[in-house]
Amino acid sequence: MSGNSGGILEVRDLHTQFNTLDGVVRAVDGVSFDLARGETLGIVGESGCGKSVTALSILRLIPPETGRIASGSIKFEGEELTTLGEEAMKRLRGHRISMIFQEPMTSLNPVLTVGTQIAENVTRHLGVSKKAARERACEMLDLVRIADARRRLDEYPHQLSGGMRQRVMIAMALSCDPQVLIADEPTTALDVTIQAQILDLMLDLKEKTGTAIVLITHDLGVVAETTQRVVVMYAGRKVEEAPVEALFDNPLHPYTRGLMAAIPRLDVDAPRLQEIPGMVPLLTRPIVGCAFAARCPIATERCRTAAPPMVDVGGGHTALCWEVTP
Amino acid sequence: MTAYIIRRLFAVVPVMAVVALFVFFLLRFAPGDPAAIIAGDDATTEAIEAVRVKLGLDRPVVEQFAVWVWGLAHGDLGVSIFSNLAVTRLIAQRLEPTLALTLSTLFVAVALAIPLGVVAAWKARKLVDRLAMGFAVLGFAMPVFVLAYVLIYFFAVRWQLLPVQGYSPIAEGFWPFVQSLILPSVALGVTYMALIARITRASMLEVLQQDYIRTANAKGLATDRVLLLHALKNAAVPIVTVIGIGIALLISGVVITETVFNIPGLGRLTVDAVLKRDYPIVQGLILVFAAVKVVINLMIDISYAFLDPRIRY
C-alpha cells in the first residue's frame, strides 16, 4: 500500500521548525509517509510528538511568524506543495484537502451561522450561486445526520452541542468532495459515546465519497477501530509504520510496545497502569543517536551515539530501531 | 430583543432624573451670583434684589427645582436670563452645526481607523504595522488646536482650497456645507481615529489567534473574507464600545474645534452661557448632552446583540 502507485499524498523527509525564545524547535524532524487513494492512515503519538504540526505542514498552515517548513517534500497528486504559490494553495485548502480540528467548541466562528460557514466553502471553491451553496450546505447537514437540517442552517454554533459542532465541521470539510481529509484529534474533546458516533460517521462517509483520511490521534483504540495503516511518531520522527493488524500483533519499536502496555486492560489483573518512564527529549537540541534511547528498556551504547536505521521487516512494516532485525 | 430594548428605554428614566437633579443643584452651589452679574457692575443692592425676584431666585431652592422639573416634563427648558429666548429654541438653532460636525468627524475617524487597525493587525510587527501605528500615535499626541491651525494655514490660507473658518448650513447648498466641515472634522477626527485604530488592532490581533480563524484559513477563504468577515465581526464589540466612548470625547472636543473654526454650534453656546452664568441654558445643554450619551449607550448595547448572537438579554 505504501508504494507510489496509488499514492495521493507523499510526504518525504519533512522538517518543520519553530523559532522560540529557547531556540529552534525541530517539531517535525524527517518524517516520510504515503497516503493511498481512499485509505485511512493513522498517525499516533503523545502530545508534542509533531503529529499536528505534520498535518498543518501539509496544508501549509504553519504560522509564518514563528514556524516554517525547513526542508522536505510534500506531493499531492504529484504536485509539490512546499513551493506552491499561496493563491494556488488557497484553492487547494478546503477543496481538495480539508481539515477538521480537535476543538469543535472553538473551531467554528461564533458570530456566523452554520449555514454561512458551510456555504462559503462551497461558493469559494465550486463557484456556484449562493442559493445552490445553501442547498449544498443543507444536503451536507443531512449527510452528517443532523436532524432538521434546514432549520439548523440558520443557527449559530453556540446553539449546538459539541458532537453536533463536530458534525458541522465534518460537513464543512467534505462539502467540496476533497480527495484528502486530515482529521486532527477529531474526537478527543467529545464524550465517549459521541466519539464512537463521530468515528462511525467519518468511516461511513469515507465509504460513500472515497476520500482518503489522515487520522491524527493519541488514542490507540481509535486507531485499531478505524485505520488501515499506522504511523507512530516520537519526538518529531516516524519510529514505526505498519498495517494496523501487524502493528497490534507484533509491535517492533520499544516505544510502540510501551504505548500498547500503557493501555488499561480489563482481562489482566494489574495493580497499576504501565507507563513509559522518563520524559520526551527537548526538541531544541539536535538529538544524537535514537530519540527514544533515554527511556528505552533495551537501549545499548550504540543507541545513544548513532542514529538508528529504518529497518524493513516486510509487509510494509518498518521500525526505526537498532534492535529490530529484518 | 424588543423586550430588551423596551426595558432599556425604561431604565433611561431614572438615569435622566439623577442627571437633572445633579445639574440643578451643582449650578446652584457654584460660586457667582447671576442676579449680580445681570444687574451689572454699578448696580445697587436694590437693583440686584429686583433682578433676583424677577428671576425667581429669591424663592426656596426646592421650589425653584419643582418649577424647573414641571417645565421639563412639558418640554420647556426655561428661558435664557440674558436674551429672553426659549432655551429649547436656542439649542435647536445651534444643533445642526454641532450634529453635522460630530457626524462628519465620526465618519472621518472610523473610515480611517478601521482599515488602519485591520491592516496593522494583519501585518503585525511588520513595517506597515509600525507605520500605521506610528501615524496613529502621532495623531493622538497632536493637540486639536495645533493641528487645526496647521490645516488652516496650508489648506485655507496658502493653497486656498477650503474656507478658513465658519459654517455653511446645509440649506445653503451641499458642497459649501461639506467644504466648511472638512478641516474641522479632520482636525478633530485624527485624535479619535488614533484611539479607534489602536483598539481595532488590539482586538483583531486577539481574534486572529483564535481557532476559528485557523478553520477559515484551512477552508482556503480569500484573505479579505477572513479579515473583514470572520475576524472583524468578532473583534467588533470592543471597537463599537470605543466608538461610543469616543462620541463623549467628541462632544467636549467640539467646544475647542468650534471656537477655532468659528462654528456657531452647541460648544460655543456652552462656553458663552457658562461665562455669563446663564443657568437655564447651561442646565438645558447638560441635559441634552446627557441624553445624547444615554441614547448612544443604548445604541451600543443594542448593537452588541446584532454583532454577537451569543449576547441575549
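The legends below describe close-up views of a predicted model.

**View 1. Chain B as a whole, a chain of helices without strands.** Chain B holds 12 helices and zero strands, and from the N terminus on its elements run α-α-α-α-α-α-α-α-α-α-α-α. Taken along the principal axes, the box filled by the C-alpha atoms of chain B is roughly 85 × 55 × 35 Å. Of the 313 residues in chain B, 33% are buried. Among the contacts in chain B with a separation of 6 or more, 71% are between residues 24 or more positions apart.

**View 2. The largest nonpolar core, with Val214(A) and Ile196(B).** This core has 138 residues, and Val214(A) and Ile196(B) are those with the most contacts inside it. Helix α8 of chain B, residues 174–208, gives the most to the core, with 15 residues. Apart from this core lies another, of 11 residues, including Leu77(B), Ile81(B), Leu266(B) and Leu269(B).

**View 3. The surroundings of Ile196(B).** Neighbours within four places in sequence are left aside here. Ile196(B) is in contact with Ala109(B), Val110(B), Ala113(B), Ile114(B) and Gly117(B), and also with Ile239(B), Val242(B), Ile243(B) and Gly246(B).

**View 4. The side of chain B that touches chain A.** Here 18 residues of chain B are in contact with 23 residues of chain A. Helices α9 (211–218) and α10 (223–260) of chain B each supply at least two residues of this side. The most comes from α9(B), which gives seven residues. By type, the residues of the side of chain B that touches chain A divide into six nonpolar, six polar and six charged.

**View 5. Packing of helices α7 and α8 of chain A.** Helix α7 (residues 162–174) and helix α8 (residues 192–209) of chain A pack with their axes 10 Å apart, at an angle of about 15°. Because angles under 35 degrees count as roughly parallel, α7(A) is roughly parallel to α8(A). The crossing of the two helices, α7(A) and α8(A), is right-handed.

**View 6. Residues in the contact of α7(A) with α8(A).** From α7(A), the contact is made by Gly162(A), Gly163(A), Gln166(A), Arg167(A), Ile170(A) and Leu174(A). From α8(A), the residues are Ile194(A), Gln197(A), Ile198(A), Leu201(A), Met202(A), Leu205(A) and Thr209(A). The residues of this contact divide into seven nonpolar, five polar and one charged.

Conventions: Residues are numbered from 1 along each chain as its sequence is written. Chains are lettered from A and ligands numbered from 1 in the order in which they are written. This is a predicted model: local features need pLDDT of at least 70, side-chain atom pairs count only at pLDDT 80 or more; totals for chains, interfaces and linings use all residues. Helices (H or I, at least four residues) and strands (E, at least two) are DSSP runs, numbered from the N terminus. A residue is buried if 20 or more other C-beta atoms lie within 10 Å of its own, exposed if 12 or fewer, and partly exposed in between; C-beta atoms are placed from the backbone. Two residues are in contact if their C-beta atoms, placed from the backbone, lie within 7 Å. A nonpolar core is a set of buried Ala, Val, Leu, Ile, Met, Phe, Trp, Tyr and Cys residues joined through C-beta atoms within 7 Å. Ala, Val, Leu, Ile, Met, Phe, Trp, Tyr, Cys and Pro count as nonpolar, Asp, Glu, Lys and Arg as charged, and the others, Gly among them, as polar. Axes are lines fitted to C-alpha atoms, for helices over the stretch in contact, and angles run from 0 to 180 degrees between N-to-C directions. Angles under 35 degrees count as roughly parallel, over 145 as roughly antiparallel, 65 to 115 as roughly perpendicular and the rest as oblique. A crossing is left-handed if the near helix is turned anticlockwise from the far one by less than a right angle, and right-handed if clockwise.
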